[in-house]
Amino acid sequence: MVKLKQDEPIILAPVLQEELLQIKEEIQEAFMKGLQENSKEADNLTKPIPSEADFEHSLYSKSAVTRQFLLNGERIGGVVLRIDGDTHRSEVDFLYTLASTHGKGLGTKAWKAVETAFPETKVWELHTPYFEKRNIHFYVNKCGFQIVEFYHRDNPGPHVEHEKPETDEEYEFFRFEKVMK
């Protein structure tokens, strides 16, 4: 169990190759928890979220940057980013904190650590499912993002480019942006 001290800084640290499997499992656990809180059908799900293909696609893109959030030397979460040094538009593929740290303001501090670590980014972009009210609240109200697009069956977003969604809900995502000042 992580000892939480609100005044301690969150450190953004590199992830070692041997830690990637654990990071993937933590991301899948965090995302599944969100789905279970919002859908009765989540218990019947047989494939992990995010899928292996989504995770591999993000993790091994040439612009991928994977970091872990450390508090008092213990991992409390992590982030997979795509940093574009040419356009200065960067994407958040996955950002999570461990369930045991939710509701303590650490996600907001973790996001601030990301912004501090990548000051050259002019615009941050991310996607989150339409039903994830907790994520929507976090990104809009805590981190300063704005919803700029809604993806659905008639307006499928880039997140469906390598997988064919089986249900309408799998198409439904918000695209967020944060323009840095």
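**Talking through a predicted chain**

Reader: What does the accessible surface of the chain come to, and how much of it belongs to carbon and sulfur atoms?

Author: The accessible surface is about 10200 Å², and carbon and sulfur atoms account for 52% of that. Keep in mind that this is a predicted model.

Reader: OK. And how many of the residues are buried, as a percentage?

Author: Of the 181 residues in the chain, 43% are buried.

Reader: How many helices and strands does the chain have?

Author: There are 4 helices and 7 strands. Going along the sequence, their order is β-α-α-β-β-β-α-β-α-β-β.

Reader: What share of the contacts joins residues at least 24 apart?

Author: That share is 65%, counting contacts between residues at least 6 apart in sequence.

Reader: Let's pick a residue. Where is E26?

Author: E26 sits in helix 1, which covers residues 20-38.

Reader: Is E26 buried or exposed?

Author: E26 counts as buried because its relative accessible area is 11%, and the cut-off for buried is under 20%.

Reader: Which residues is E26 in contact with, leaving aside its neighbours in sequence?

Author: Beyond four places in sequence, the contacts of E26 are R75, Y96 and L98. With R75 there is also a polar contact between the two side chains, at 3.0 Å.

Reader: Switching to helix 2. Which of its residues are buried?

Author: Helix 2 runs over residues 52-59, and its buried residues are F55, S58 and L59. They lie on the same side of helix 2, because the arc they cover around the axis is only 90°.

Reader: Now the loops. Where does N72 lie?

Author: N72 is in the loop that joins strand 2 (64-71) to strand 3 (74-82). Its phi is near 55°, a positive value, and N72 is a residue other than glycine.

Reader: What is the relative accessible area of N72?

Author: The figure for N72 is 34%, so N72 is partly exposed.

Reader: What about H88, where is its place?

Author: H88 is in the loop between strand 3 and strand 4, the latter being 89-97. H88 is not a glycine either, yet has a positive phi of about 65°.

Reader: And why does H88 count as partly exposed?

Author: Because its relative accessibility is 23%, and the cut-off for buried is under 20%.

Reader: Last topic, aromatics. How many aromatic pairs are there in the whole structure?

Author: A search of the whole structure gives 9 aromatic pairs. One of them is W111 with F145, a tilted pair with 5.4 Å centre to centre and 55° between the planes.

Reader: Which parts of the chain does that pair link?

Author: Distant ones: W111 belongs to helix 3 (residues 106-117), whereas F145 is in the loop between helix 4 (133-142) and strand 6 (146-151), and the two are 34 residues apart. W111 is buried, at a relative accessible area of 0%. F145 is buried as well, at 2%.

Reader: What sort of pair do F138 and Y139 form?

Author: F138 and Y139 are edge-to-face, with 5.0 Å centre to centre and 65° between the planes. Both F138 and Y139 are buried.

Reader: Which residues form the aromatic cluster?

Author: One cluster takes in W111, F118, W124, F138, Y139, F145, F150, F174 and F176. Both pairs we went through, W111 with F145 and F138 with Y139, are part of that cluster.

Definitions and conventions:
Residues numbered from 1 in each chain as written. Predicted model: local features only at pLDDT ≥ 70, side-chain atom pairs only at ≥ 80, totals over all residues. Heavy atoms only, no water. Buried < 20%, exposed > 50% of the residue type's maximum accessible area, 1.4 Å probe, protein only. Contact = heavy atoms within 4.5 Å. Areas by Shrake-Rupley, 256 points an atom, 1.4 Å probe, with all protein chains shown as cover. Polar contact = N/O pair within 3.5 Å; in protein donor to acceptor, adjacent residues only side chain to side chain. Arc of directions from axis to C-beta. Phe/Tyr/Trp six-rings, centres within 6.5 Å; stacked < 30°, edge-to-face > 60°.
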